[in-house]
Amino acid sequence: MFEISESAVDRIKERLQEVNRPELSLRAEIIGRSETDFHYRLSFVPDELRRQDDEVITTNGLTVLVDPVSNRYLDGTRLDYVDESDESGFKFNNPNPLWHDEHASEVNDVIVSQINPSIAVHGGHVTLMDVQD
């Protein structure tokens with residue numbers, strides 16, 4: 001299950017109060033990968049943008065939405081808020097491997113080694129999100 005630390009919840013609630021929109025939900029999602037880590041996005045969304053297949057997590061009065069693909073790779077992850085001299089901001093502590101499926105890893109290797117170098121000269125980039133069936 002995806003967890004959010006108390007300090008992260010407090011920081012998110014503060015921001016919602018600042019924009020006078022305490023009713024918004026937080027969407028947490030994985031939007032891509034590098035060779036060593038996931039790329040995440042946090043955004044605020046109103047109820048009408050909640051997707052039918054979202055996992056809904058409620059923690060300390062905060063509603064968090066996670067889509068099914070991200071949910072698979074966020075299981076066991078903890079979102080913290082750090083405010084230290086050498087780093088500040090939200091930090092995902094994710095114990096999951098980049099790929100649960102050997103085929104996805106192989107497809108990603110082809111994209112990284114053969115496709116992306118070719119399209120990079122034109123400013124393009126492809127990111128594999130998931131492989132199904």
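Predicted model: local features only at pLDDT ≥ 70, side-chain atom pairs only at ≥ 80, totals over all residues.

**Entry 1: asparagine 20.** I found asparagine 20 exposed, at a relative accessible area of 61%. For this term I used these cut-offs: buried is under 20% relative accessible area, exposed is over 50%, and partly exposed lies in between, with a 1.4 Å probe and protein chains only. Residues are numbered from 1 along each chain as its sequence is written, and side-chain values use heavy atoms, without hydrogens and water.

I placed asparagine 20 in the loop between helix 1 and strand 2. Helices (H or I, at least four residues) and strands (E, at least two) are DSSP runs numbered from the N terminus. The phi of asparagine 20 is positive, about 55°, although the residue is not a glycine.

**Entry 2: asparagine 60.** I then looked up asparagine 60, in the loop between strand 4 (55-59) and strand 5. Its phi is also positive, near 50°, in a residue other than glycine. Asparagine 60 is partly exposed, with a relative accessible area of 47%.

**Entry 3: the fold.** How many helices and strands does the chain have? I read 3 helices and 7 strands, in the order β-α-β-β-β-β-α-β-β-α along the sequence. Of the 133 residues, 35% count as buried. The C-alpha atoms fill a box of roughly 45 × 40 × 30 Å along the principal axes.

**Entry 4: the core.** I next examined the largest nonpolar core, which has 26 residues. Such a core is a set of buried Ala, Val, Leu, Ile, Met, Phe, Trp, Tyr and Cys residues joined through side-chain atoms within 4.5 Å. Phe2, Ile4, Leu62, Val64, Val66 and Leu74 touch the most other members. Among the elements that each supply at least two residues are helix 1 (6-18), strand 5 (62-66) and helix 3 (102-120). Helix 1 gives the largest share, 4 residues.

Which residues does leucine 62 contact, leaving aside neighbours within four places in sequence? I listed Ile4, Val9, Ile12, Lys13, Leu16 and Ile57, a contact being heavy atoms within 4.5 Å.
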